[in-house]
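Subject: Structure handover

Hello,

Here is the structure I promised to pass on.

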Amino acid sequence: MVIKSNNDHDERGLLPYPVIVAATKGDPDAMKIVLNRYDSNIRYRLRMCIWKHWKTPQNRARNLKKLGVPRWAAYNIAYCGDRYARLAHNGWVQKAINNERLAAFGLVSMSNYYAEKRVIC
């Protein structure tokens, strides 16, 4: 994998070498699949951190309503008392804290970044 760079400060992060080797053997689109999986895991963990940051059920319901979730769904989700990980996979939470909103917060998609920086040798 070769990533072109204009300067030394353009690096975003590194993937483990075994992941790169496993992804580049065989299917040329395998690296895209690996990066999409990493992207989904990062977005899931960020949703979980945001949910945990809201702390109380009152704040969770209020913030979900601000993000466009119906009142009945916001209260059902906020007061259910499930684990953070389970609620981060909830459909309403995923719609409220969607990919566009995470990108507006500054999250850079790994697959998009790889696609624009990749050099085919």
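Below is what I found, from the whole chain down to single residues.

This is a predicted model, so local features need pLDDT of at least 70 and side-chain atom pairs count only at pLDDT 80 or more, while totals for chains, interfaces and linings use all residues. Residues are numbered from 1 along each chain as its sequence is written, and side-chain values use heavy atoms, with hydrogens and water left out.

**Overall**

The chain has eight helices and zero strands. Helices (H or I, at least four residues) and strands (E, at least two) are DSSP runs, numbered from the N terminus. Of the 121 residues, 26% count as buried. Buried means under 20% relative accessible area, exposed over 50%, and partly exposed in between (1.4 Å probe, protein chains only). Contact means heavy atoms within 4.5 Å. Among contacts with a separation of 6 or more, 57% join residues 24 or more positions apart.

**The core**

The largest nonpolar core has 12 residues: W51, W54, L64, V69, A73, A74, I77, L87, V93, A96, I97 and L102. Such a core is a set of buried Ala, Val, Leu, Ile, Met, Phe, Trp, Tyr and Cys residues joined through side-chain atoms within 4.5 Å. Two elements give it two or more residues: α4 (71-78) and α6 (91-96). The largest share, three residues, comes from α4. Now take L87. Leaving aside neighbours within four places in sequence, L87 is in contact with W51, I77, C80, D82 and V93.

**Helix α3**

Helix α3 covers residues 57-66, and its buried residues are R60, A61, N63 and L64. Their cover includes α2 (30-53), α4, α5 (84-88) and α6. After α3 comes G68, with a positive phi near 100°.

**α2 against α8**

α2 and helix α8 (residues 110-117) pack at an angle of about 145°, with their axes 8 Å apart. Axes are lines fitted to C-alpha atoms, for helices over the stretch in contact, and angles run from 0 to 180 degrees between N-to-C directions. From α2, the contact uses M31, L35, N36, Y38, D39 and I42; from α8, M110, S111 and Y114.

**One residue to look at**

K55 sits in the loop between α2 and α3. Its phi is positive, near 60°, and K55 is not a glycine. Most residues other than glycine have a negative phi. K55 is exposed, with a relative accessible area of 62%.

Best wishes
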